[in-house]
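Look at the model below before reading on. The paragraphs that follow go through its parts one at a time.

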There are 2 protein chains.
Amino acid sequence: MNLMAHFDPTHHPHRRFNPLTNEHILVSPQRSKRPWLGQVEPSQPSDIPKFDPTCYLCPGNSRAGGQKTEHYEHTYVFENDFSAILPPPVPIAPPASHPLLTTEPVSGGCNVIIFHPRHDLTIPRLPLDDISRIIEEWIKIYRRRGGEDGIKHVQIFENKGSIMGCSNPHPHGQVWSMSAIPTLPSVEIASLTRYASRSDLPPSDAPKGPDGHPCLLCEYAFTEVKLGERVVVKNEHWVALVPWWATWPFEILLLPYHRHIPSIFHLTPEEKLTLASIISQVTIKYDNLFLCSFAYSMGIHQRPVPLSSPEETDDHDICHLHLHFDPPLLRSASVKKFIAGIELMAEIQRDLTPEQAAQRLRTCAETHYLENGDVALEAN
Amino acid sequence: MNLMAHFDPTHHPHRRFNPLTNEHILVSPQRSKRPWLGQVEPSQPSDIPKFDPTCYLCPGNSRAGGQKTEHYEHTYVFENDFSAILPPPVPIAPPASHPLLTTEPVSGGCNVIIFHPRHDLTIPRLPLDDISRIIEEWIKIYRRRGGEDGIKHVQIFENKGSIMGCSNPHPHGQVWSMSAIPTLPSVEIASLTRYASRSDLPPSDAPKGPDGHPCLLCEYAFTEVKLGERVVVKNEHWVALVPWWATWPFEILLLPYHRHIPSIFHLTPEEKLTLASIISQVTIKYDNLFLCSFAYSMGIHQRPVPLSSPEETDDHDICHLHLHFDPPLLRSASVKKFIAGIELMAEIQRDLTPEQAAQRLRTCAETHYLENGDVALEAN
Ligand SMILES: [Zn+2]
Ligand SMILES: [Zn+2]
């Protein structure tokens with residue numbers, strides 16, 4: 001390769017910094033042309049029935065623990081029958097035999113949210129009304145579980161696709177509440193808190209966080225909207241972009257850019273409507289990218305738990321609501337990015353630049369590839 | 001589940017702390033009984049030929065870039081034809097358009113180390129002499145690349161198995177040298193450095209680091225050897241254990257426990273021999289666990305670059321040589337652990353406890369399941 005004196009981010013290897021996690025990523029754009037001889041993922045079945053009598057998430061069916069999933073009409077929430085975290089009281093571990101071998105008790109719970117009675121309709125296939133119902137369910141469970149005694153964090157997430165370890169195509173997400181703030185959210189909160197106290201930042205017209213302090217994500221969203229090159233879609237309140245520091249080839253960060261919003265509990269009716277709309281747009285573009293049901297993990301980062309009313313404030317109001325979409329696919333429906341060797345031992349490395357990924361997603365059609373006018377109607 | 005007042009680490013969910021990365025992991029041992037309905041990995045071909053005319057790593061064959069892999073007899077090193085990092089000079093990026101959008105130049109190189117001419121023999125199938133030759137090659141390339149101008153880190157690693165994104169069964173590893181210390185090693189070095197300056201530690205008979213300062217990993221290895229319950233194998237110099245804070249179901253940390261050793265360049269002849277032997281033991285146990293060629297990513301962490309002689313010292317001598325083995329398999333040759341949802345958005349979660357994993361590995365046979373007395377001989 002001919003090295004020019006002029007830096008070109010689409011040709012020259014470089015490192016970028018993730019200010020949320022304080023990690024670098026290595027970008028090797030010159031490498032995306034190398035031949036692919038590796039593992040190909042099994043394709044997902046395309047003839048999924050509307051109702052599956054063996055699916056424990058379909059209305060009226062039984063679950064492994066013997067419980068029954070009721071005949072619900074829209075969304076349905078239940079406690080996971082194989083919860084990773086259990087309700088209190090938890091027995092306290094004895095003192096550690098060595099300071100390097102410490103055990104911390106943990107309690108809480110794991111819920112499942114079924115998004116829709118139809119076994120075959122994932123979020124990108126759902127009408128906006130149904131996505132709005134999922135958002136209302138997220139808000140309800142965030143408040144309910146986050147208001148429980150001793151709960152310090154509520155993590156809402158969705159695994160979509162068998163490549164993400166999700167064994168059931170029936171559209172659903174999960175909510176894990178915990179008596180501790182988990183590793184990644186606590187790293188992000190520390191970064192947001194550090195940024196809020198910085199006095200060396202250039203002047204900016206971006207929205208501000210609590211008490212007029214700078215907010216890393218308000219500033220970042222504002223800047224990206226202005227620049228545009230990493231933006232995939234945006235509307236009056238929300239922007240979906242491939243972050244400067246993206247780990248996954250087509251990773252998306254979805255966040256409000258007009259005002260500082262600590263949690264989904266703080267959303268106005270209009271912000272909820274436009275959130276439903278941009279979630280629909282993002283997931284439709286994902287499915288259209290490789291003409292498949294696009295796998296991802298989605299997670300909501302926000303205030304670890306809600307305050308009892310939106311008028312209250314505390315230190316955690318520095319959190320700026322955002323959704324991470326982490327999809328593993330790289331080149332096609334069957335070739336994924338591997339997190340191995342260099343990633344596990346040194347640092348994240350990517351070939352496609354975030355700008356190239358944003359460009360690819362921007363140009364994807366806005367109508368779902370399976371949509372022919374009657375599917376959405378039928379879903380109602 | 002019946003919650004007892006007495007804490008039982010094999011029944012009660014809890015969190016453990018990883019002092020190398022400052023991350024917590026969530027252990028949910030009560031959950032390992034849940035049914036598995038998810039994705040099953042394609043099995044690996046078992047009839048791999050000794051020589052494959054289409055394999056660019058087999059002696060005498062051509063590579064994609066047109067270069068030829070010579071007729072080597074033992075190990076063979078070449079520059080990766082699709083390097084993720086390129087040699088200097090690298091063009092300097094223009095000033096960032098915003099402080100949150102910084103670019104750092106990076107240079108260096110990527111090498112491939114072929115472990116053996118035989119296309120079908122992975123490390124667990126190789127005689128000790130051949131593993132010793134790989135160790136000598138690691139030392140040589142660590143010194144050569146680490147001695148280059150501007151190189152600040154040399155990462156030696158191996159991806160084994162298509163499930164780790166390794167497209168070719170021919171036994172080989174990689175070496176990436178970089179003009180910066182990557183994210184994970186620099187986090188570990190910071191942890192080791194912080195530990196070295198602690199004055200609140202209980203008295204210990206463990207070996208000490210430079211200038212008599214405490215070494216986190218000397219202390220940890222010493223403690224684990226004493227306790228034994230997470231040890232998989234050990235010999236006169238080395239211990240292989242499932243770390244207290246393991247992310248992967250059968251993760252292994254392999255390190256010297258008799259003296260503080262900053263890098264592979266510091267090894268005595270006897271330490272090299274016993275390293276070859278314990279690498280053989282660990283990888284044989286791995287293959288025997290599910291009677292398959294067990295996939296993993298292995299990486300060597302040590303001084304980022306060597307000093308010109310083993311007598312010199314500097315701040316980086318606080319590094320304590322260790323090898324990470326990160327294998328993705330969980331229940332069988334075809335069911336892997338997924339890093340998704342909760343791991344990507346909150347924190348690492350595991351079901352099997354590290355003690356249970358160590359126990360399973362300890363009881364695996366010490367002779368390779370494919371070995372019938374003539375294979376090792378034939379390989380010579
Ligand atoms: Zn976040
Ligand atoms: Zn390490």
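Predicted model: local features only at pLDDT ≥ 70, side-chain atom pairs only at ≥ 80, totals over all residues.

How many bridges join strand 11 of chain B to strand 12 of chain B? There are 5 bridges between strand 11, residues 296–301, and strand 12, residues 322–326, and the two strands run antiparallel. One position in this pair can be picked out by eye: Ser297(B) stands opposite Asp326(B) of strand 12. Strands of a sheet pair through backbone hydrogen bonds, either parallel or antiparallel.

The two strands belong to an open sheet of 9 strands in chain B. Across the sheet the order is 3-5-7-6-11-12-10-9-8, and the pairing is antiparallel. Strand 3 (76–79) and strand 8 (231–234) of chain B each have a single partner strand, so they stand at the edges and one side of each is left without a neighbour in the sheet. From one strand to the next, the twist averages 20°. In a regular strand the side chains alternate between the two faces of the sheet.

Helices lie across this sheet. Helix 2 of chain B, residues 183–196, lies across strand 6 (153–160), strand 11 and strand 12 of chain B. The angle between helix 2 and strand 11 of chain B is about 50°. Helix 3 of chain B, residues 216–227, lies across strand 8, strand 9 (238–241), strand 10 (252–256) and strand 12 of chain B. Helix 3 runs at about 105° to strand 10 of chain B.

Are His322(B) and His324(B) buried or exposed? Both His322(B) and His324(B) are buried.

Further along chain B is a hairpin. It joins strand 13 of chain B to strand 14 of chain B through 2 residues. Strand 13 covers residues 329–332 and strand 14 covers residues 335–336; they pair in the antiparallel sense over 2 bridges. The bridge partner of Leu329(B) is Lys336(B), in strand 14.

Finally, consider chain A as a whole. Chain A has 7 helices and 15 strands. Its radius of gyration is 21 Å, close to the 21 Å that the globule rule gives for 380 residues, so chain A is as compact as a globular protein of that length. Taken along the principal axes, the C-alpha atoms of chain A fill a box of roughly 65 × 50 × 50 Å. Of the 380 residues in chain A, 61% are buried. Chain A exposes about 14700 Å², of which carbon and sulfur atoms supply 54%. Among contacts in chain A between residues at least 6 apart in sequence, 69% join residues at least 24 apart.

How values were computed: Residues numbered from 1 in each chain as written. Chains lettered and ligands numbered in written order. Heavy atoms only, no water. Pairing = 2+ DSSP bridges. Helix = DSSP H or I, 4+ residues; strand = E, 2+ residues; numbered from the N terminus. Buried < 20%, exposed > 50% of the residue type's maximum accessible area, 1.4 Å probe, protein only. Axes fitted to C-alpha atoms, helices over the stretch in contact; angles between N-to-C directions. Contact = heavy atoms within 4.5 Å. Rg over C-alpha atoms; globule rule 2.2 N^0.38 Å. Areas by Shrake-Rupley, 256 points an atom, 1.4 Å probe, with all protein chains shown as cover.
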